[in-house]
Amino acid sequence: MRPSYGLQGRAAVVTGATRGIGHAVARELAAAGARVCVTARDADEVRRTAAELGGVGAAGSVADPDHLRAVVDLTLREFGRIDVIVNNAATNLPYGPLMDVDPLAWREAFTVNVEAPLRLVQCAWQAWMHEHGGAVINVCTEGAGHVGPDIGAYGTSKAALLHLTQQLAGELAPKVRVNSVSPGLVRTEMARFVWEPGEEEVAAGLPLGRIGEPEDVARAVVWLASDAAQWVTGADLLVDGGTRVRAARALTSRGTPTPGGTGLCRHATPPRGRDQPPTTRSLPPT
Ligand SMILES: NC(=O)c1ccc[n+]([C@@H]2O[C@H](COP(=O)([O-])OP(=O)(O)OC[C@H]3O[C@@H](n4cnc5c(N)ncnc54)[C@H](OP(=O)(O)O)[C@@H]3O)[C@@H](O)[C@H]2O)c1
């Protein structure tokens, strides 16, 4: 049986919750007894997910401020409260060297990855949290602390989200706790082109010997949302299978040199028009 950590009866909003990490987060929150409001752009998927989890859903892009207001209104109308916000929806477009980046595409990355989380927290704060308190969890990335090829817009925006997390943590305390979770490479659609072609090789380069599953990240988010983390704010919880400490592991358990995972990443080509995997730079250096 899962611990409810005091989440029973609380209300949570999870953006980008129809698949991948967001879906696992919404599922784990619901399993802990929370009522969930899920979002994504695909309306059919939102309906399906809301029904699956016994919650409610709102279809739209987090880039649209009206959609974010509607999400908060819906949650308050349906559940009468809004205790947890999980800012999970993101884009890692535009892909490529920054000298070639279209400024409008760059702006869109910041709108989705940084401005939307702030706007959603502003709405929830004004409508409920400033009086009743709550918890915010922003999904960043292990790679936010590094630079890497072709993902400059994504990395810069996620680094900004990390900073925003800490700024809000200071500003909104003690009523609202604000933390982030930074995943390494996780088995989701967004990252499929990184892990699918050479999962075994990538896993062998990680201290914990496997890539992440969405549930690995979801459990960390649920803990941060819960009363078990009541004295934790402004923290970034790495959930990366040891990616950050892999440099200390020069040899594999078989005594052969660790395969270079980024070689794989550098040559991986994402499907055209799709979001790119956010963890390219978090894989082992060649
Ligand atoms: N997977 C990894 O390896 C990894 C590593 C580090 C960090 N992360 C972070 O984890 C989070 C989730 O990523 P994921 O890998 O689970 O992605 P995913 O499998 O592609 O799922 C993304 C979810 O967000 C929704 N979404 C995308 N853009 C949206 C928008 N503008 N407005 C509202 N919803 C939107 C998608 O549904 P629709 O397409 O229908 O909108 C979907 O439900 C992201 O913040 C990502 O940066 C992932």
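Me: Which residue stands opposite Ile-85?
Reply: In this predicted model, Ile-85 faces Val-136, which belongs to strand E5.

Me: How do E4 and E5 pair, parallel or antiparallel, and over how many bridges?
Reply: The pairing of E4 with E5 is parallel and extends over 4 bridges.

Me: What is the strand order in the sheet?
Reply: The sheet is open and has 7 strands, ordered E3-E2-E1-E4-E5-E6-E7, with parallel pairing. Strands E3 (56-59) and E7 (236-239) form the edges; each has a single partner strand, so one side of each lacks a neighbour in the sheet. On average, neighbouring strands of this sheet are turned by 15 degrees against each other, direction ignored.

Me: Which strands does helix H1 lie across?
Reply: Helix H1 (residues 20-31) lies across E1 (11-14), E2 (35-40), E4, E5 and E6. Relative to E1, H1 runs at about 170 degrees.

Me: What about phi of Asp-150?
Reply: Its phi is near 75 degrees, a positive value in a residue other than glycine. Asp-150 sits in the loop between strand E5 (134-139) and H5.

Me: Is Asp-150 buried or exposed, and why?
Reply: Asp-150 is buried, because 20 other C-beta atoms lie within 10 Å, and the cut-off for buried is 20 or more.

Note on methods
Residues numbered from 1 in each chain as written. Predicted model: local features only at pLDDT ≥ 70, side-chain atom pairs only at ≥ 80, totals over all residues. Helix = DSSP H or I, 4+ residues; strand = E, 2+ residues; numbered from the N terminus. Buried ≥ 20, exposed ≤ 12 C-beta atoms within 10 Å, placed from the backbone. Pairing = 2+ DSSP bridges. Axes fitted to C-alpha atoms, helices over the stretch in contact; angles between N-to-C directions. Contact = placed C-beta atoms within 7 Å.
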